[in-house]
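This briefing describes one protein chain for a reader who is new to structural work. Please keep the sequence and the model in view while reading the points below.

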Amino acid sequence: MMFAKIKFANEKEEARGVMALLRKGRVRLHTVQENEEAFFFVPESALAVLDEVGVQYEIVERGGWDAVVQALRSAPARKV
């Protein structure tokens with residue numbers, strides 16, 4: 001399965017996008033924080049859901065499950 005690392009245009013689009021993906025149920029959603037920006041790893045099939053709803057996002061990178069695991073492992077800890 002291929003994944004896309006995406007970034008939403010703004011916080012409003014992020015909220016709309018996450019809600020649209022969660023409504024579909026079977027969507028894996030992984031978040032990585034880099035330099036104060038949030039990135040989401042979603043299956044490529046989830047991009048169709050975002051397009052249906054009209055959510056603005058940018059594809060930053062594409063890769064397999066190994067790329068997702070690598071990004072999650074190497075992401076710095078979030079500030080508390």
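The chain contains 3 helices and 4 strands, where helices (H or I, at least four residues) and strands (E, at least two) are DSSP runs numbered from the N terminus. Read from the N terminus, these elements follow the order β-α-β-β-α-β-α. The model is predicted, so local features need pLDDT of at least 70 and side-chain atom pairs count only at pLDDT 80 or more, while totals for chains, interfaces and linings use all residues. Residues are numbered from 1 along each chain as its sequence is written, and side-chain values use heavy atoms, with hydrogens and water left out.

**The chain as a whole**

- Of the 80 residues in the chain, 31% count as buried. Buried means under 20% relative accessible area, exposed means over 50%, and partly exposed lies in between (1.4 Å probe, protein chains only).
- Among the contacts in the chain with a separation of 6 or more, 73% are between residues 24 or more positions apart. Contact here means heavy atoms within 4.5 Å.

**The packing of helices α1 and α2**

- Helix α1 covers residues 11–24 and helix α2 covers residues 46–53; the two pack at an angle of about 120 degrees, and their axes are 10 Å apart. The axes are lines fitted to C-alpha atoms, for helices over the stretch in contact, and angles run from 0 to 180 degrees between N-to-C directions.
- The two helices α1 and α2 are therefore oblique to each other. Under this scheme, angles under 35 degrees count as roughly parallel, over 145 as roughly antiparallel, 65 to 115 as roughly perpendicular, and the rest as oblique.
- The crossing of α1 past α2 is right-handed. A crossing is left-handed if the near helix is turned anticlockwise from the far one by less than a right angle, and right-handed if clockwise.
- On the α1 side, the contact is made by Arg16, Gly17, Ala20, Leu21 and Lys24; on the α2 side, it is made by Ala46, Val49, Leu50, Glu52 and Val53.
- Sorted by class, this contact of α1 with α2 has 6 nonpolar, 1 polar and 3 charged residues. Ala, Val, Leu, Ile, Met, Phe, Trp, Tyr, Cys and Pro count as nonpolar, Asp, Glu, Lys and Arg as charged, and the others, Gly among them, as polar.
- Val53 lies in helix α2 and is partly exposed, with a relative accessible area of 38%. Leaving aside residues up to four places away in sequence, Val53 touches Arg16 and Ala20.
- The C-alpha atoms of Val53 and Leu21 are 9.9 Å apart, although 32 residues separate them along the chain.

**The nonpolar core**

- The largest nonpolar core has 13 residues, and those with the most contacts inside it are Ile6, Phe8, Leu21, Phe40, Val42, Leu47 and Leu50. A nonpolar core is a set of buried Ala, Val, Leu, Ile, Met, Phe, Trp, Tyr and Cys residues joined through side-chain atoms within 4.5 Å.
- The elements giving two or more residues to this core are β1 (3–8), α1, β3 (37–43) and α2. The largest share, 4 residues, comes from α2.
- Leu47 is found in helix α2 and counts as buried at 8% relative accessibility. Not counting residues up to four places away in sequence, Leu47 touches Ala4, Ile6, Val42, Tyr57, Ile59 and Arg62.
- Between the C-alpha atoms of Leu47 and Tyr57, which are 10 residues apart along the chain, the separation is 9.2 Å.

- Lys5 belongs to strand β1 and counts as buried at 8% relative accessibility. Lys5 and Pro43 are 38 residues apart in sequence and 8.9 Å apart in space, C-alpha to C-alpha.
- Lys7 is also found in strand β1, and at 25% relative accessibility Lys7 counts as partly exposed.
- Beyond residues up to four places away in sequence, Lys7 touches Glu37, Ala38, Phe39, Tyr57, Glu58 and Val60.
- Glu13 lies in helix α1 and is buried, with a relative accessible area of 8%.
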